[in-house]
Amino acid sequence: MSIFTPSSNSFRKQDPEEKTILVTRKHRIILFSKMSFLGLFLLLPFVIYSLISSLNWYPIISLLFWFFVSIWFLVLWNLAFYSIMLYFLNTVIVTSQRVIENRQEGFFNYRANEMELTKIQDISIKILGSLATFLDFGDIEIQSAGAKAKFYFDTVPHPEKIREIINEARKNI
Amino acid sequence: MINTPLIIFSIIIGAYLWYTFSIVYHLIRFGVGREPKVLALIFFIGSFGLFVISLVLYSNIDWKETLQQLFNQISFFGK
């Protein structure tokens with residue numbers, strides 16, 4: 001039952017002395033837009049039902065129809081959770097030592113980039129548009145002196161706060 | 001003798017199980033924090049529930065009779 005208790009936000013390849021300060025993902029509006037799109041497909045069987053239920057041969061296929069509806073819902077459920085999985089596995093983690101970007105683009109398509117806090121030179125944020133301003137999301141760009149010169153996280157929530165947290169972590173090294 | 005419907009059914013079930021396992025595994029193994037683990041549980045319960053519903057509906061259908069009546073209906077429209 002440990003999944004129902006607060007987590008320490010541990011992650012793969014975490015150093016023993018490394019402390020997780022922040023875990024963030026893209027803004028929920030991204031997930032919401034995907035789910036809304038799938039939600040439209042959820043209504044499709046009911047639209048078809050309203051069209052065919054009054055036909056005289058509907059009783060012949062009613063069981064067959066509801067069987068295919070259940071398959072349809074099962075497929076949508078799986079597709080929805082595939083999107084949810086990708087959303088939850090694409091994270092930006094700020095620790096006491098580094099900033100890590102996890103990119104999961106499929107079951108077997110994973111990439112992780114990291115930047116040490118000591119190598120960060122500049123953090124800039126971009127909030128473009130009324131929706132981004134209203135919902136408080138935007139892009140963060142981190143300039144570094146390291147091999148990977150730039151980090152770019154798009155549509156993250158509360159970019160201003162994230163910048164403050166990273167700056168605070170840099171001061172506390 | 002090769003039982004084609006059984007092979008197709010096995011492939012579909014195999015793909016479904018692999019897909020379900022992959023989602024649950026990724027959320028539990030690589031998810032950071034509590035939320036992905038809870039979502040993996042919700043997904044598993046929902047997926048299992050829908051699978052059982054599909055199976056019950058499948059077993060309730062008299063396939064031979066239904067398809068026969070459906071073909072009769074289609075041929076009636078074709079005349």
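A: Ile140(A) has Phe153(A) as its bridge partner in strand E7(A). The model is predicted: local features require pLDDT of at least 70 and side-chain atom pairs count only at pLDDT 80 or more, while totals for chains, interfaces and linings use all residues. Residues are numbered from 1 along each chain as its sequence is written, with chains lettered from A and ligands numbered from 1 in the order in which they are written.

Strand E6 (residues 137-144) of chain A pairs with E7(A) in the antiparallel sense over 6 bridges; pairing requires at least two DSSP bridges. Both strands belong to an open sheet of 3 strands in chain A, ordered E5-E6-E7 with antiparallel pairing. Its edges are strand E5 (120-126) and strand E7 (150-157) of chain A, each of which pairs on one side only. Neighbouring strands are turned by 20 degrees against each other on average, direction ignored.

Across E5, E6 and E7 of chain A lies helix H4 (residues 159-171), which runs at about 170 degrees to E5(A). Angles run from 0 to 180 degrees between N-to-C directions of axes fitted to C-alpha atoms; helices (H or I, at least four residues) and strands (E, at least two) are DSSP runs.

Elsewhere, chain A meets chain B: 29 residues of chain A are in contact with 32 residues of chain B (C-beta atoms, placed from the backbone, within 7 Å). The largest share of the chain A side, 18 residues, comes from H2(A), and strand E2 (91-95) of chain A also supplies at least two.

Terms used
Contact = placed C-beta atoms within 7 Å.
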